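This briefing is meant for a reader who is meeting the structure for the first time.

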Amino acid sequence: MVRAVALAAVAALLTGSGGCAAGGDDAGVTVLASWTGREATAFREVLDRFTARTGIRVDYQGTRALNQVLTTEVQKGTPPDIAVLPSPGDLASFVRRGAVRPLDDVIGTGAEQSHSPQWLRLEQIENANGRARYAVAVTTSLKSLIWYDPRRVPDLSGDTTWDGLIRLSDRLSSAGGAAWCMGMGSTPVSGWPGTDWIEDLVLHQAGTAVYQRWSAGQVAWTAPEIRRAWTAWGQVALRPGHVRGLLFTDFGDAGRAMHTDPPGCFLHHQASFVAGDGGDLDFVPFPSNGARAWEVSADLAGLFTDKPQARELMRFLATDEAQSIWPTVSRGSVFSANRGVDPAIYGNAVNRRIAQILTGPAALCFDASDLMPSAMTNAFYRAVLEYLQSPDRLDQILGRLDQVRAAVPATDWLTVPCGTGGN
Amino acid sequence: MTEFGIRGSTTRATLWRSMVVLELALVAVFGMSAWVMQGTRATAERVGTHSVPSIMHILAAHAALVEADEAAVGSFRSGAVGLTGPGERYQNQIAVAAQSLTRLAVDSIAGAVVGQNIQLVQGQLAAYSGLIEQADAHYRQDPASALARADLWYASRLLHMPDGGILAQLDDLLTIERQALAGQLSTGRMAPGWVVTWIVPAVVLLALLVTIQVFLSRRFRRTFNPPLLAATIAVLAATAAMSSDFAARGELAATQRAGDTLVDVWQARIDAADRSGQTMLRELIAGACPDGCRETLDRIAAGVAGPREAPGEQVLTARIRDVDGHAAAAADTTGQLILLVLAALAAMALIPFGLVPRINEYR
């Protein structure tokens with residue numbers, strides 16, 4: 001008996017070690033986007049509100065190399081639950097691979113009604129069964145804007161023509177500072193601020209019909225109306241003394257010289273996020289030969305898995321509540337496409353005008369380079385930089401762009417017509 | 001079981017209870033000791049084979065990328081790029097960075113977030129290399145090309161951006177690994193409070209052994225009970241063996257402190273290389289844009305804050321050895337579980353040998 005007790009005690013000692021297993025957590029949602037720094041902080045506020053509402057944890061990852069990272073994860077079969085892509089072209093490439101799920105059974109009609117029909121169209125992509133909604137615009141930007149300080153350029157008005165703008169540039173540049181603030185730097189996608197110029201010139205000089213066909217790959221880069229847009233931009237960007245910055249200036253730094261005394265530059269062609277930089281800037285629309293149209297862009301959230309929690313987050317991102325958070329904290333650098341968002345959150349009259357254009361009846365055209373397949377878009381970015389370096393090689397540059405256009409399969413091009421935002 | 005009840009004499013019952021209590025106390029003391037010892041051993045192993053190597057891989061990748069950037073800029077500045085591209089040193093350092101990230105993916109045990117961050121860095125690294133290649137191509141077309149220098153700046157900016165740049169991502173990874181190391185050394189069985197869980201029962205056990213020894217000497221008029229005395233010595237030996245656990249914990253703490261010093265030394269080397277590279281880059285850009293990019297030049301100048309002189313290779317090697325030495329010493333000095341088990345088995349067997357004959361005297 002004694003021995004039995006002793007042996008039992010020894011056995012208990014010998015078998016006493018244990019382990020603990022770390023359980024995996026499938027209840028959270030993973031989100032991948034390009035936002036870092038302050039933008040990531042603002043987006044996290046949106047995600048935190050979702051977590052507070054639902055108790056569902058969200059792991060956010062931000063990277064400037066979004067496409068590479070997402071492509072790798074999709075190829076490995078481990079995509080994030082949701083990825084926010086900066087262009088419909090990028091999103092469409094993942095839709096074609098079957099990596100993104102349609103949202104028709106995810107987003108309720110209430111949320112859809114808060115979007116205008118035009119924005120709903122912009123969020124649709126063609127699939128085997130026709131067109132389906134694949135995205136929620138998390139943020140939107142209005143382009144086709146020329147920013148200026150009304151105290152320093154009092155004679156700039158909304159009905160200025162292109163020729164009038166060139167004359168104004170001449171006058172401003174002869175008065176000491178450069179007329180235009182420009183910065184092409186935006187690593188690793190430097191050059192896009194220049195593509196916005198070309199796009200606005202095509203849209204507003206050649207018209208929406210040409211713009212739509214060009215962004216869908218149906219107009220050659222060597223076509224006269226496209227070439228004319230490049231040379232028109234060259235009138236501004238390449239004229240000595242007319243531009244401050246350019247290749248060696250980051251797009252985020254370009255407008256700073258408008259606020260110095262004396263100003264280093266007076267006019268800044270840039271999207272609506274400039275409204276968040278502070279100061280008393282106003283904007284005029286890009287000079288147009290025809291009916292007024294605006295370029296827009298958006299960061300589009302796509303659903304990459306069928307996890308119920310991820311579907312819940314997509315539904316939340318589409319709500320007026322979620323869409324109001326970032327514009328509120330960003331003080332005017334981010335706008336929503338939802339008509340249900342209270343305009344008062346935009347702070348001042350200039351920002352409210354932007355919000356009104358984005359959600360009102362104005363004709364909106366998606367940024368052409370955002371619609372193009374990524375191979376074309378990247379070539380476009382590089383072509384802008386090449387043109388600034390060697391403007392005399394324009395025909396060669398356009399020829400190469402056309403070679404890229406021809407090499408892209410026809411099915412990779414998106415056809416997203418311009419349209420009005422109102423019902 | 002009748003002899004176990006109150007029908008036996010009071011002394012007999014007392015002896016029975018004493019034996020059971022002693023055996024249970026032994027199980028408690030040696031069980032807790034073994035559990036704590038195993039915790040220290042496992043931690044020492046994780047620190048030595050995972051945490052410390054992971055931190056070193058990150059520092060190596062960071063240093064390699066800064067050196068690669070400096071080498072590329074230097075190659076453009078000297079004009080060697082026309083013949084050799086960004087250069088052999090650039091290629092080697094990029095390879096070192098890539099290998100370090102791969103090894104980090106294998107060694108790290110700091111959680112899934114490390115793998116995700118490695119992917120982010122690798123994605124950006126591909127974009128960085130692409131921009132250097134673009135700069136190289138433009139330089140070969142025209143050595144005076146402003147676009148070649150612009151691409152060089154875009155690449156370097158991708159590396160240095162405070163928000164989401166490659167080096168910032170590596171800093172994030174370093175923070176994660178250091179926090180994981182600190183967590184391993186201060187939580188779970190490594191929490192300081194766990195020492196009490198075996199020391200207190202050990203003291204109680206020794207007190208019980210002495211008390212029973214005194215009880216036996218008075219009741220049976222014997223000076224010592226040899227088996228119980230041997231059991232007491234076995235318990236004392238096991239307790240002494242557990243002192244190696246203190247030593248191992250001390251070595252682990254020293255590993256962390258040496259790791260902090262190593263990070264500082266490595267950072268100083270990185271900063272010095274960065275200062276050199278960014279100074280050259282600023283000169284290259286200033287030459288290409290004499291005016292109009294003041295913000296860019298200011299931004300680069302603001303980042304040139306590192307020391308001019310880097311700690312030498314010997315200093316770095318000595319610090320690495322210091323970290324490795326403490327980590328190895330921690331693994332070597334953790335107590336031997338087999339000795340603890342043998343001491344426990346001996347003590348558990350000796351106690352019945354000491355008490356059962358006295359119990360039988362009341363049969």
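This is a predicted model: local features need pLDDT of at least 70, side-chain atom pairs count only at pLDDT 80 or more; totals for chains, interfaces and linings use all residues.

**Overview**

Chain B is made up of twelve helices and zero strands. With a radius of gyration of 32 Å, well over the 21 Å that the globule rule gives for 363 residues, chain B is more spread out than a compact globule.

**Overall form of chain B**

- Along its principal axes, the C-alpha trace of chain B extends over about 110 × 35 × 30 Å.
- Of the 363 residues in chain B, 47% are buried.
- When contacts in chain B between residues at least 6 apart in sequence are considered, 83% of them join residues that are at least 24 apart.

**Transmembrane annotation of chain B**

- An unreviewed UniProt entry lists residues 20-37, 195-216, 228-248 and 337-356 of chain B under "transmembrane region".
- Residues 228-248 of chain B are 95% helix and 0% strand, with 31 Å between the C-alpha atoms at the ends of the span.

- Thr43(B), which lies in helix α1 of chain B, is buried, because 24 other C-beta atoms lie within 10 Å, and the cut-off for a buried residue is 20 or more.
- Leaving aside neighbours within four places in sequence, Thr43(B) is in contact with Gln184(B), Leu185(B), Met190(B) and Leu252(B).
- Not counting residues up to four places away in sequence, Ala343(B) touches Ala234(B), Ala237(B) and Ala238(B).
- By contrast, Ala343(B) and Glu309(B) are 34 residues apart in sequence, while their C-alpha atoms are 56 Å apart in space.

**Where chain B meets chain A**

- The contact between the two chains draws on 40 residues from chain B and 36 residues from chain A.
- On the side of chain B that touches chain A, the elements giving two or more residues are α1 (10-78), α4 (112-141), α5 (146-160), α9 (243-288), α10 (294-303) and α12 (337-360) of chain B.
- The largest share of this side of chain B comes from α1(B), which gives nine residues.
- By class, the residues of chain B on the side that touches chain A comprise 26 nonpolar, ten polar and four charged.

**A helix pair in chain A**

- In chain A, the axes of helix α2 (residues 37-54) and helix α13 (residues 320-330) come within 9 Å and cross at roughly 145 degrees, and the crossing of α2(A) and α13(A) is right-handed.
- To this contact α2(A) brings Ala42(A), Phe43(A), Glu45(A), Val46(A) and Arg49(A), and α13(A) brings Ala322(A), Ile325(A), Trp326(A), Val329(A) and Ser330(A).
- Taken by class, the contact of α2(A) with α13(A) has seven nonpolar, one polar and two charged residues.

**Backbone features of chain A**

- Thr187(A) and Pro188(A) are joined by a cis peptide bond with omega at about 5 degrees, and Pro188(A) is found in the loop between β8 (178-185) and α8 (192-206) of chain A.
- The peptide bond from Asp261(A) to Pro262(A) is also cis, with omega near 0 degrees, and Pro262(A) has its place in the loop between α11 (251-254) and β10 (265-269) of chain A.
- Ser144(A) is not a glycine, although its phi is positive at about 60 degrees; Ser144(A) sits in the loop between β6 (136-142) and β7 (145-148) of chain A, and counts as buried with 27 C-beta neighbours inside 10 Å.
- Leu246(A), again not a glycine, has a positive phi of about 105 degrees; Leu246(A) lies in strand β9 (residues 243-250) of chain A, and is buried, with 26 other C-beta atoms within 10 Å.

Technical notes. Residues are numbered from 1 along each chain as its sequence is written. Chains are lettered from A and ligands numbered from 1 in the order in which they are written. UniProt positions are given in the numbering used here, feature names are shortened, and annotations may be inferred rather than shown by experiment. Helices (H or I, at least four residues) and strands (E, at least two) are DSSP runs, numbered from the N terminus. The radius of gyration is taken over C-alpha atoms; the globule rule is 2.2 Å times the number of residues to the power 0.38. A residue is buried if 20 or more other C-beta atoms lie within 10 Å of its own, exposed if 12 or fewer, and partly exposed in between; C-beta atoms are placed from the backbone. Two residues are in contact if their C-beta atoms, placed from the backbone, lie within 7 Å. Axes are lines fitted to C-alpha atoms, for helices over the stretch in contact, and angles run from 0 to 180 degrees between N-to-C directions. A crossing is left-handed if the near helix is turned anticlockwise from the far one by less than a right angle, and right-handed if clockwise. Ala, Val, Leu, Ile, Met, Phe, Trp, Tyr, Cys and Pro count as nonpolar, Asp, Glu, Lys and Arg as charged, and the others, Gly among them, as polar.
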